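Please find below a note on the model under review.

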Amino acid sequence: MLYFNCCIGKDTKERNKKMKKLIAVLLVVCLVFAGAIGYISHKNDQVQAGEASPAPVETPAAEASAQPITIKTPDYDLLYAKYEPEQPVVTIGEEEVTWEEYFYMLFTQARQVTDYFSAMASYYGIAQNWDDFMDEEGTTTYAQFVVDSTESALTQLAAIERFARENGVALTEENAAALEEQRKSDIAATCGADGTEEDFEAYLSTIYMTRELYDRINMLNQLYQQNYIQIYGENGELYSDEAALKYLKDGQYISAGHILLMTTDPATGQALDEDAAAEKKASAEKIAAELQAIEDPEALLARFAELKQEYCEDTGKTSFPDGYTFTPGTMVSEFEDACSALAEYQVSEPVKSSFGYHVIIRLPLDVDKVMEYSEDGTALSARSIAANAEYGSRLQSVLDMLSLSYVEGFEKINILDYLK
């Protein structure tokens, strides 16, 4: 994911965390977003790659480990045999969940933990146990996490389905075509180019999955996406101007453009000598004076764009040609303070920061301006981000209304009882 250029960005790590939280509108369920097979195939590839690696990365912890670390894993066959596949074990809302669906989720969550244990042992020489606490507060063990995350995954899947039902969302012919392509791709990936349906079902059985469950999870993956598209549009274009603008104002967003004349060498980070820095300051003052003399907003923006192209040394100007839209606390303080003090279309005096001299123009908020880029490089406008945030909030509301309960006679799983 790309963020604002370092010339004015204040805390990239904190900004990354905020945006990831914003775009991930639900707790991450790998099965939903990667598809039914994507997660397990990815994990298998990781394990195989790890076994083929000639040597782990050496660290002090690894060197200090005198004995090989044994990773205990659950006896999945023994655990799976505990109940009949079609036996209802959980109720979410009014819907029953069978043992085979519950177990598959449990299996995938447990595989995540064992893969993590293996990575910590191989690369850092650190032994982890299922009864270790995984949080600083000491409230959740890894064994308990597997059960908790299984419950969470199942509830989220139910929330996606209920959201679609309540909002009249149905899969389209395009979704059906995507599901067919997914099936073909998964068969080829797991069984080879000549794999058959029978081969595929045999493969699914090795990961405790039926064909019906495979189809259901992939269907819910498409439904999750279709919920958003039908209500908000492919890129949030159906989200109203009024609602998107309210989102920006409520979030105290600011939009501004700047012309940066750097007083540091971008290649070395070293400060320019006094004469060179003074020359930059004089240029900034000249630019600011010229822009401040233009009263017509349209003419001002046109001239600002010309001068920016000629003088601006912020490498982010290519990715964000229309300026930056940001929240308080994400830019260097000098830049933010100057922006906050300006009225719309007002131009600042040169503002000195550790990067150089900024000539800033405060801009009106525009919901269709690019604010960020997603991990796949897709440009995200304020409108699309606001739509994502609302979708996440609405899904969370459905999720909050769903309660999970175990049916009478079902014993909540304790992974510690099945380790081998």
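This is a predicted model: local features need pLDDT of at least 70, side-chain atom pairs count only at pLDDT 80 or more; totals for chains, interfaces and linings use all residues.

1. Residue numbers run from 1 along the chain as its sequence is written.

2. Salt bridges overall. The count of salt bridges comes to 16. Five residues, Glu 180, Arg 183, Glu 197, Arg 211 and Asp 215, are joined by such bridges into a network.

3. Arg 211 and Glu 197. The bridge links distant parts of the chain, with Arg 211 in helix α10 and Glu 197 in helix α9, 14 residues apart. Arg 211 has a relative accessible area of 17% and is therefore buried, the limit for that class being under 20%. Glu 197, at 29% relative accessibility, is partly exposed.

4. Arg 211 and Asp 215. Arg 211 also forms a salt bridge with Asp 215, at 3.2 Å from N to O. Here both residues belong to helix α10 and are 4 residues apart, about one turn of the helix. An α-helix has 3.6 residues a turn, so residues three or four places apart point the same way. Asp 215 is partly exposed, its relative accessible area being 37%.

5. Arg 383 and Asp 241. A further salt bridge connects Arg 383 with Asp 241, the closest N and O atoms lying 2.7 Å apart. This pair also links distant parts of the chain: Arg 383 is in helix α15 (residues 382-401) and Asp 241 is in helix α11 (residues 241-250), 142 residues apart. Because its relative accessibility is 8%, Arg 383 counts as buried.

6. Negative patch. Which residues gather in the patch of negative charge on the surface? They are Glu 86, Glu 198, Asp 199, Glu 201 and Glu 212. Helix α9 (residues 197-206) gives the most to this patch, with 3 residues. Glu 201 lies in helix α9 and counts as partly exposed at 43% relative accessibility.

7. Helix α10. The 22 residues of helix α10 (residues 211-232) should span 32 Å at 1.5 Å a residue, and the end C-alpha atoms are 32 Å apart, so the two values agree. Just after α10, Gly 233 takes a positive phi of about 95 degrees.

8. Gln 252. Although Gln 252 is not a glycine, its phi is positive, at about 60 degrees. The residue is placed in the loop between α11 and β3 (254-262). With a relative accessible area of 54%, Gln 252 is exposed, since the class begins over 50%.

9. Tyr 345 is another residue other than glycine with a positive phi, near 70 degrees. Tyr 345 lies in the loop between α14 (333-341) and β5 (351-353), and is partly exposed with a relative accessible area of 31%. In sequence, Tyr 345 and Gln 292 are 53 residues apart, while their C-alpha atoms are 9.5 Å apart in space. Gln 292 belongs to helix α12 (residues 274-292) and, at 34% relative accessibility, is partly exposed.

Definitions and conventions. Side-chain values use heavy atoms; hydrogens and water are left out. Patches are made of residues with over 30% relative accessible area and no salt bridge: like charges are joined within 9 Å, nonpolar side chains (Val, Leu, Ile, Met, Phe, Trp, Tyr) within 5 Å. Accessible areas come from the Shrake-Rupley method with a 1.4 Å probe; for residues, only the protein chains shown count as cover. A salt bridge is a side-chain nitrogen of Lys or Arg within 4 Å of a carboxyl oxygen of Asp or Glu. Lys and Arg count as positive and Asp and Glu as negative; His and the chain ends are not counted. The place of a charge is taken as NZ of Lys, CZ of Arg, CG of Asp or CD of Glu. Helices (H or I, at least four residues) and strands (E, at least two) are DSSP runs, numbered from the N terminus. Buried means under 20% relative accessible area, exposed over 50%, partly exposed in between (1.4 Å probe, protein chains only). The expected span of a helix is 1.5 Å times one less than its number of residues.
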